[in-house]
Amino acid sequence: KPTFDLFSLRSIRGDALIKYSSLNQSEPLRINIYLLSTLISLTFPSISESLFGELPVPPLVVTLASLAASVASGALFTRECRRRGNQ
């Protein structure tokens, strides 16, 4: 019976997905960590302002650093999803 794999965005046979998941147990964890890191990086400027008030660095620096971190973790997320789809 085909099962939809959310990480590779395609249908895969259920038995093949179970076998693949048992062999690559850390892959879904890495994918989820990269996705969570991307989301946290994107929301960091507003969250840090809410929690800590004014930071000792200019807001532009915080925004640029947050954007760079979110692009980097988003790229890692995309890479891992593509690797999963290729296998």
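Select helix H3 first: its 28 residues reach 40 Å from the first C-alpha to the last, close to the 40 Å expected at 1.5 Å a residue. The expected span is 1.5 Å times one less than the number of residues in the helix. Helices (H or I, at least four residues) and strands (E, at least two) are DSSP runs, numbered from the N terminus.

This is a predicted model, in which local features need pLDDT of at least 70 and side-chain atom pairs count only at pLDDT 80 or more, whereas totals for chains, interfaces and linings use all residues. Residues are numbered from 1 along each chain as its sequence is written, and side-chain values use heavy atoms, with hydrogens and water left out.

**The whole chain**

Three helices and two strands make up its secondary structure, and from the N terminus the order of elements is β-β-α-α-α. The radius of gyration, taken over C-alpha atoms, is 17 Å, well over the 12 Å that the globule rule gives for 87 residues, so the protein is more spread out than a compact globule. That rule is 2.2 Å times the number of residues to the power 0.38. The C-alpha trace spans about 55 × 20 × 20 Å along its principal axes.

Contacts (heavy atoms within 4.5 Å) may be drawn at this stage. Of those between residues at least 6 apart in sequence, 62% join residues at least 24 apart.

Switch to a surface view. The accessible surface, from the Shrake-Rupley method with a 1.4 Å probe and, for residues, only the protein chains shown as cover, comes to about 6300 Å², and 68% of this belongs to carbon and sulfur atoms. Buried residues account for 23% of the 87 residues; buried means under 20% relative accessible area, exposed over 50%, and partly exposed in between (1.4 Å probe, protein chains only).

**The buried residues of H3**

Return to H3 and select Val-62, Ser-66, Ser-70, Ser-73, Gly-74, Glu-80, Cys-81 and Arg-84, which are buried. In an α-helix there are 3.6 residues a turn, so residues three or four places apart point the same way.

**Salt bridges**

Which residue forms a salt bridge with Arg-84? Select Glu-27: its side chain meets that of Arg-84 at 3.1 Å, N to O. A salt bridge is a side-chain nitrogen of Lys or Arg within 4 Å of a carboxyl oxygen of Asp or Glu; four are counted by this rule. The pair links distant parts of the chain, with Glu-27 in helix H2 and Arg-84 in helix H3, 57 residues apart. Both Glu-27 and Arg-84 are buried.

Move to Arg-30 and Glu-80, whose closest N and O atoms are 3.2 Å apart in another salt bridge. This pair also links distant parts of the chain, Arg-30 in H2 and Glu-80 in H3, 50 residues apart. Arg-30 is partly exposed, at 32% relative accessible area, whereas Glu-80 counts as buried at 3%. Salt bridges that share partners join Arg-30, Arg-79, Glu-80 and Arg-83 into one network.

**The nonpolar patch**

Finally, select Leu-35, Leu-39, Leu-42, Leu-67 and Val-71, a nonpolar surface patch with about 460 Å² of accessible area together. Patches are made of residues with over 30% relative accessible area and no salt bridge; like charges are joined within 9 Å, nonpolar side chains (Val, Leu, Ile, Met, Phe, Trp, Tyr) within 5 Å. H2 (27–52) and H3 (59–86) each supply at least two residues, and the largest share, three residues, comes from H2. Leu-67 lies in H3 and counts as partly exposed, at 46% relative accessibility.
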